[in-house]
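Please look over the chain shown here before reading the notes on its overall build and its aromatic rings.

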Amino acid sequence: MRIGVPKEIKPQENRIGLTPESVKTLVSEGHEVLVENNGGFEAGFDNDQYKNAGAKIIEKANDIFNDAEIIVKVKEPQKVEVEMIRENQIVYTYLHLAAAKELTEGLVKSKSINIAYETITDDNGRLPLLAPMSAVAGRMSVQAGAHCLEKNQKGRGVLLGGAPGGEPANVLILGGGVVGENAATIATGMKAKVHIVDKSEARLEQLTEMFGDKIIPEQSDKIDLKKLVAEADLIVGGVLIPGAEAPKLVTKDMLKLMKRGSVIVDVAIDQGGCVETSKPTTFNDPTFIVDNVVHYCVANMPGGVPRTSTIALNKVTLPYLVKLANKGYQKALGEDKNFLAGLNVYKGHVTYKAVADVFGHEYVNPRDAINK
């Protein structure tokens, strides 16, 4: 199988789909790997490392899209890339389609086979290919939030952990999943006062076992969210509905209750954000202010630490890719229902229900689609 790895072209996205180590594994299985010139440079992997691993270095992305049977990326295809995707080509990457109508329509039109990292499941219904990037984003969210709280960043001018004689900042984490847990790891480590809101009592018990009295667990249907929002210095939005648009938990009206210079870091922005006033930003211009509240909504936060992120991502994406390349998509997806859950768009059909529902497409069962 010929596998192509183009350089990421989303603004400030410095990760790459495969590390040289992953290339070595695929080449040892008899596959050919094409890597775009300097595609991994920003993540700390140079052309020579890829060549030594057995890859061919290709000058232009166009040639990779033209020649490869599988395209491996990190971020969703950009408009210019969608135009290069061929019929029956397999695209394996993060897609986040529920918040991207134009991309969804483009992939449907291309009649390609699109497998999304973020909807592949495990036997417990978790999302193993999303988890490492959620962990990175969760940890970065508190770093970013702490920085945004500084006065020269237009924040309140408070230190997250306080100081002798001064109170620590109030951190409100919405969602106790992977993002929330990792945000709590950093926020408690920085000695902030941390509230975690989640709808699952069992999950809050798990988090309490992990963090003890360093966190204040809050069950979402038993709290006054407005009060918690009003008291927060930093809100981290980490709520996820797999493959679907994030629910808007913090409304425009709630924003008016917040303190001047308080900060929101909306990690859920890839899926539309869980704050009504959020809109995607980039590392070039990461924040904006609404009602005196600083919003940090960088849509690809792990791209800021590309080496750590690329290595962590490959650990979980590679085994599925090897399966895909060795067996072909029909067998690889057909014999693994968890892998099949990653199939979002297949030869002109939407095969992920949440995406079909949000854009009014007919939903086609993925198993029926691949067996036609």
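This is a predicted model: local features need pLDDT of at least 70, side-chain atom pairs count only at pLDDT 80 or more; totals for chains, interfaces and linings use all residues.

Residues are numbered from 1 along each chain as its sequence is written, and side-chain values use heavy atoms, with hydrogens and water left out.

The chain has 15 helices and 15 strands, taken as DSSP runs (helices H or I of at least four residues, strands E of at least two) and numbered from the N terminus. Its C-alpha trace spans about 65 × 45 × 35 Å along the principal axes. Of the 372 residues, 55% count as buried, meaning under 20% relative accessible area with a 1.4 Å probe and protein chains only.

The structure holds 5 aromatic pairs, that is, rings of Phe, Tyr and Trp (its six-membered ring) with centres within 6.5 Å, called edge-to-face when their planes are over 60 degrees apart. Two of them are set out here.

| Edge-to-face pair | Centre to centre | Angle between planes |
|---|---|---|
| Phe-45 and Tyr-50 | 6.5 Å | 75 degrees |
| Tyr-92 and Tyr-117 | 4.7 Å | 85 degrees |

Tyr-92 lies in strand S5 (residues 90-93) and Tyr-117 in the loop between strand S6 (113-116) and helix H6 (131-148), so this pair ties together parts that are 25 residues apart in sequence. Phe-45 is buried at 5% relative accessibility, and Tyr-50 is buried with a relative accessible area of 1%.

Methods:
Buried means under 20% relative accessible area, exposed over 50%, partly exposed in between (1.4 Å probe, protein chains only). Rings of Phe, Tyr and Trp (its six-membered ring) pair if their centres lie within 6.5 Å; planes under 30 degrees apart count as stacked, over 60 as edge-to-face and the rest as tilted.
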